Amino acid sequence: MISDQASQRKDMLWFHGKLSRDQAYRLLIEAGQQDGLFLVRESTNAPGSFVLSLWNEHTAFHYQIRHHGHCHFSIDEGPLFAGLDTLVNYYREQAGGLATKLVRCCGGGRSPPPSLCQTQPSITVELGRNLHRACEAGDDTEVHRVLQDPNINIEFMNDEGATSLHVACKKGHEAVVWILLEYNANVNSRDNEGRTPLMVGIC
């Protein structure tokens with residue numbers, strides 16, 4: 001049972017954060033060049049999007065993962081999935097237009113951020129909602145307090161796909177906006193309508 005649980009956790013270590021195409025290629029080479037070897041990385045060319053890098057028949061393939069807001073993703077014009085984890089699990093079962101189905105994740109990765117998965121831990125959701133409420137109210141003291149929690153996800157999205165930075169910009173709370181930027185909030189994040197925080201704001 002323990003070994004099965006460890007194997008399941010290892011199967012989730014496919015997220016590599018920001019990597020260039022060349023860096024992803026080198027990782028796939030170093031990991032053994034096995035057909036079906038893969039990793040998911042943040043796009044360096046399209047902020048807010050992701051890339052699935054996949055090895056098959058001596059070639060590295062790189063598929064753009066489109067972020068449709070509120071934790072929904074697709075590869076090109078393929079099926080829409082709630083969560084990157086759901087997308088990965090789908091392509092583990094079938095190629096679905098890819099060069100091959102996903103077999104083994106590349107070493108050295110980590111679990112994807114909870115905000116990008118179908119099921120988020122309740123503590124992450126509650127902290128995200130608290131942060132959004134503080135941003136909407138312009139309560140910079142509370143914003144600071146919530147952001148210091150190690151479980152906070154500053155990119156948590158509400159049902160409209162808006163992050164805390166969207167909320168603060170929309171309300172025009174300039175002090176809160178600067179606090180969020182100090183904590184590296186993503187200025188390129190897009191809501192369900194494709195708008196960045198600056199596009200919805202008056203700040």
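**The largest pocket**

Modeller: The largest pocket has a lining of 32 residues, and Glu42, Gly48, Phe50, Glu155 and Asn186 are those nearest its centre. A pocket is an open set of points on a 1 Å grid over the protein atoms alone, where a 1.4 Å probe fits, with protein on both sides within 12 Å along at least five of seven lines; lining residues have an atom within 4 Å of a point. This is a predicted model, in which local features need pLDDT of at least 70, side-chain atom pairs count only at pLDDT 80 or more, and totals for chains, interfaces and linings use all residues. Residues are numbered from 1 along each chain as its sequence is written, and side-chain values use heavy atoms, leaving out hydrogens and water.

Biologist: How much space lies in the largest pocket?
Modeller: About 830 Å³, a volume being the space filled by probe spheres set on the points.

Biologist: And where does it lie?
Modeller: The largest pocket lies between domain 1 (7-105) and domain 2 (121-201), because both give residues to its lining. Those bounds come from an automatic or database domain assignment.

Biologist: Changing topic, what is the phi of Gln33?
Modeller: Near 55°, which is positive in a residue other than glycine. Gln33 is partly exposed, at 37% relative accessibility (between the buried limit, under 20%, and the exposed limit, over 50%, with a 1.4 Å probe and protein chains only).

Biologist: What about Asn184?
Modeller: Asn184 is not a glycine either, yet has a positive phi of about 65°. Its relative accessibility is 63%, so Asn184 counts as exposed.
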